[in-house]
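Biologist: I would like a close look at a single part of this model, followed by whatever else connects to it. Please take the residues in turn and keep the account careful.

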Amino acid sequence: MRRVGVFLVLCLNLLALTATTRTEPDGPTRYSSAPIGGTDYPWNMFHHDSLRSGATLASAPSTSALMWTYDTGATIYSSPAVADGTVYISNYNSAANTGSLYAIDEYTGQPKWSYPTSGPIYSSPAVSTGIVYLASRDGYLRALNQQTGQLLWQAGSPNFPITSSPAVANGKIFYGTWCQAALCFQAGQFVARDATTGSLLWPNATVPDAAVVSSPSVHNGRVFFGQNDGSVLALDETSGALIWRAATGG
């Protein structure tokens, strides 16, 4: 029994010594590249998620030490998405009227890949199940391989630019458009596509009578978005049928 008691005392002393000598890092841990598993708290799309909650469980850094910077060479209008150790950020080049999406290592700031578009990019990218969704004012929504940037599919029309940040939920992707063609049969569209294939599920179910620039949110089987005429619409997520419409007076 005496030996057991001595052993327990030694173990307790070692634990106490470890606890008193342990120190917390002064700032974020630096890596040579993004570790496997990547981001602890992903920010997958505009305002965090399809509900647009704008909230995360992540803690802010304890210091303001700069870890890295990356220059895209043009104006950045949209907010980034962060997932699996990678930051996805887009820009627009006003002189060339083009844009690009950049995939940057979250921990080192080193570029992984980039993808150019033939129009400026105002909307934020969305990341889901290994795919990055990119909307551009050239009128196309593109699905890119998250790891390589390879184009998987694209859909849209140059007559209908996209400024709305897409929302991904329940295997679908939702976004709005506005028309810039000389003769438009409608001022804007609201579109739902299959997130895997890009196939059209239901376009323009309510035939919007104004441009759709705002970013939609999805909750409880409903899709919500605003129009440039000041109205807010709620659609059935599955069919696109109008549930209600409210005017804001602005």
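Biologist: Which residues of the largest nonpolar core touch the most other members?

Modeller: This is a predicted model, and in it the largest nonpolar core has 15 residues, of which Tyr133, Leu141, Trp153 and Val168 touch the most other members. Two or more residues each are given to this core by strand E6 (131–135), strand E7 (140–145), strand E8 (151–156) and strand E10 (172–178), and the largest share, three residues, comes from E6. Leucine 141, leaving aside residues up to four places away in sequence, touches a list of residues that includes Tyr133, Leu134 and Ala135, as well as Trp153, Ile162, Ile173 and Tyr175; among its other contacts are Gln154, Pro166 and Arg193.

Strand E10, one of the contributors to the core, also belongs to an open sheet of four strands in the order E9-E10-E11-E12, where the pairing is antiparallel. Strand E9 (167–169) and strand E12 (200–203) have a single partner strand each and stand at the edges, so one side of each is left without a neighbour in the sheet. With direction ignored, neighbouring strands of this sheet are turned against each other by 20° on average. Strand E11 (residues 188–194) and E12 run antiparallel and are joined by three bridges, and alanine 192 has tryptophan 202 in E12 as its bridge partner.

Side chains of opposite charge can pair when their charged atoms come close. The structure holds three salt bridges. In one of them, lysine 172 pairs with glutamate 237, with 3.2 Å between the closest N and O atoms; because glutamate 237 lies in the loop between strand E15 (231–236) and strand E16 (242–247), while lysine 172 lies in strand E10, the pair ties together parts that are 65 residues apart in sequence. Glutamate 237 is buried at a relative accessible area of 5%, and lysine 172 also counts as buried, at 16% relative accessibility.

Another salt bridge brings together the side chains of aspartate 138 and arginine 142, at 2.9 Å from N to O. Aspartate 138 counts as buried at 8% relative accessibility, and arginine 142 counts as buried at 6%.

Aspartate 229 and arginine 245 form a salt bridge as well, their closest N and O atoms being 3.1 Å apart. Since aspartate 229 lies in the loop between strand E14 (222–226) and E15, and arginine 245 in strand E16, this pair ties together parts that are 16 residues apart in sequence. Here aspartate 229 is partly exposed, with a relative accessible area of 36%, and arginine 245 counts as partly exposed at 39% relative accessibility.

Definitions and conventions:
Residues are numbered from 1 along each chain as its sequence is written. This is a predicted model: local features need pLDDT of at least 70, side-chain atom pairs count only at pLDDT 80 or more; totals for chains, interfaces and linings use all residues. Side-chain values use heavy atoms; hydrogens and water are left out. Two strands pair if DSSP finds at least two bridges between them. Axes are lines fitted to C-alpha atoms, for helices over the stretch in contact, and angles run from 0 to 180 degrees between N-to-C directions. A nonpolar core is a set of buried Ala, Val, Leu, Ile, Met, Phe, Trp, Tyr and Cys residues joined through side-chain atoms within 4.5 Å. Buried means under 20% relative accessible area, exposed over 50%, partly exposed in between (1.4 Å probe, protein chains only). Contact means heavy atoms within 4.5 Å. A salt bridge is a side-chain nitrogen of Lys or Arg within 4 Å of a carboxyl oxygen of Asp or Glu.
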